[in-house]
Amino acid sequence: MTIQTTVIETFKEKFGEDPSYVVRAPGRVNLIGEHTDYNDGFVLPMAIDRAVWIALRPREDSTVTITSLDVDEDMSFDLSDFDKQPNTATNYVKGMAWALQEAGHKLRAWEGVMKGDVPIGSGLSSSAALELAVARAFYVVSGFEWDKATMAKLVQEAENQWHGVKTGIMDQMISASGEAGHAVLIDCRSLDTQLLPLPQGTAVVVLDTNTRRELVTSAYNERRQQCEVAAEHFGVSHLRDVTLEQFHADKTGLDDITMRRAYHVISEDARTMMAKQAMLDDDPVMLGYLMTQSHLSLRDYFEVTNDALCAIVDVANTYPATYGARMTGAGFGGCAVALIQANAVDDFTSFVQAGYRDAMGIEASIYVTMPSNGAETIVGNG
């Protein structure tokens, strides 16, 4: 049974009628451009065919109620009550409602059933998928205007102000603006997007190390601060404005750690633009090479990998039909991503699972993913 069918059938059992709406919002995998978004740089993610789904109907009062099939928690709160409930799924729903109301939207309450299949804590942006799905649910019952970039900014606002996490804009933008069959180049300063097709005959494979990320918040904030220090050294607001030539000419005076952080970001922006061209040229060899170089930079200069990520990337890159592989997401655990020949998926999966098991003693979860649409209404008008 598909997730769409599951939320619809559960809704019918609970409420005795079909839902008025079904909405979904996807997770994402980033092909290249890591830790560049909060430096106003370039990223090249794609929305994946794993998502959060909500079947719902509007309510006449001001209470939002949701039955989550993923967590043992029935969510309920009033749209006038914005006390935070940390470490709960309800807090993510509440935070999104808060951000929408802060932006001036008059919200209508709703009730529904929610379920997702984006692995939590894996680096595939389960939180952005949840928040965009909730935003879409409020949109269909409340009737405000839906603009992809604006909604992405509001989700970022919820993360930054409600949850206190200084995220960049990539996760929210791709969950809002993904297109089936394409990766999306995002300029994180202007929020301009460009659709890019995957090279013909290739498959994108997510490699979940099944190690969940540790120390991500503290390390993420530390890396972000180091990037800000480096930008100040170069006399710019963000490292996006520093070329590799300028970096090499003016890096004197930076301490070794800050210099390495800056080098990763500046070179990663360059790699991302080269990856764009590789996709336009239908060149999987170059795209895969750039992905692998990105991983090495994240390992050696930005230092956000861990043993499990490096092991699974190394195994993937020894398979003959692999073009390239890299960690994806914030790092310190979670997932890697590989670009491979599409006709080799089954053998590749067996090869990597065995090699990773031998290296780490852990079973990897591996699945092929397809580029999907961003947040959308599946049932109902809106």
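Contact here means heavy atoms within 4.5 Å. Helices are DSSP runs of H or I with at least four residues, strands are E runs of at least two, and both are numbered from the N terminus.

This is a predicted model, in which local features need pLDDT of at least 70 and side-chain atom pairs count only at pLDDT 80 or more, while totals for chains, interfaces and linings use all residues. Residues are numbered from 1 along each chain as its sequence is written, and side-chain values use heavy atoms, with hydrogens and water left out.

I will start with helix H11, residues 345–360. The expected span is 1.5 Å times one less than the number of residues. For the 16 residues of H11 that gives 22 Å, and the end C-alpha atoms are 22 Å apart, so the two agree.

Which residues of H11 are buried? They are Val-345, Phe-348, Thr-349, Val-352 and Tyr-356; buried means under 20% relative accessible area, exposed over 50%, partly exposed in between, with a 1.4 Å probe and protein chains only. These residues lie on the same side of H11, because they cover an arc of only 100 degrees around the axis, taken from the directions from the helix axis to the C-beta atoms. Asp-346 and Asp-358, on the other side, are exposed.

The buried residues of H11 pack against helix H10 (307–318) and strands E8 (202–208), E9 (322–328), E10 (335–341) and E11 (365–369). After H11 comes Gly-361, with a positive phi near 70 degrees.

Now the largest nonpolar core. It has 78 residues, and Leu-44, Ile-54, Leu-56, Trp-110 and Phe-138 have the most contacts inside it. Such a core is a set of buried Ala, Val, Leu, Ile, Met, Phe, Trp, Tyr and Cys residues joined through side-chain atoms within 4.5 Å.
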